[in-house]
Amino acid sequence: MVSRKISSVLLIDLDDEVVARSLHASLIPEVKTTKPRSASISVERHGSSLVFRIDALSIAPMRALLNSYIRWVDTSLEVAKLKGD
């Protein structure tokens, strides 16, 4: 059986370059500590957007990384709203 890697790209447009810059900076340490056993992730900032690229050996680790990063972005945005930033 041939092992195939699956890939996904997630683009999140935040409509605010300052927020995108801040979120990108806060996610970089997480990206650097993700162990690439069954999946790897990268995040780039393009203006007010964040672009996540995930490569995985199966759907389960891809889904886990996507869920984690989407949740972190959502939580960060909710905290920023509470602070009034």
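Strands (E, at least two residues) and helices (H or I, at least four) are DSSP runs, numbered from the N terminus, and two strands pair if DSSP finds at least two bridges between them. The model is predicted: local features need pLDDT of at least 70, side-chain atom pairs count only at pLDDT 80 or more, and totals for chains, interfaces and linings use all residues. Residues are numbered from 1 along each chain as its sequence is written, and side-chain values use heavy atoms, with hydrogens and water left out.

**View 1. An open sheet of three strands.** The strand order is β1-β3-β2, with antiparallel pairing. β1 (6-13) and β2 (39-46) are the edge strands; each has a single partner, so one side of each lacks a neighbour in the sheet. On average, neighbouring strands are turned by 15 degrees against each other, direction ignored. Axes here are lines fitted to C-alpha atoms, for helices over the stretch in contact, and angles run from 0 to 180 degrees between N-to-C directions.

**View 2. The pairing of β2 with β3.** Eight bridges join β2 to β3 (residues 49-56) in the antiparallel sense. Val43 faces Phe52 of β3.

**View 3. Helix α1 on the strands.** Helix α1 (residues 17-33) lies across β2 and β3. Its direction makes about 155 degrees with β2.

**View 4. Tyr69 in helix α2.** Tyr69 sits in helix α2 (residues 59-83). Tyr69 counts as buried because its relative accessibility is 2%; buried means under 20% relative accessible area (1.4 Å probe, protein chains only). Leaving out residues up to four places away in sequence, Tyr69 touches Leu27, Glu30, Val31, Thr34, Ile41 and Phe52. Contact means heavy atoms within 4.5 Å. Ile28 is 41 residues from Tyr69 in sequence and 11 Å away in space, C-alpha to C-alpha.

Note on methods: Buried means under 20% relative accessible area, exposed over 50%, partly exposed in between (1.4 Å probe, protein chains only).
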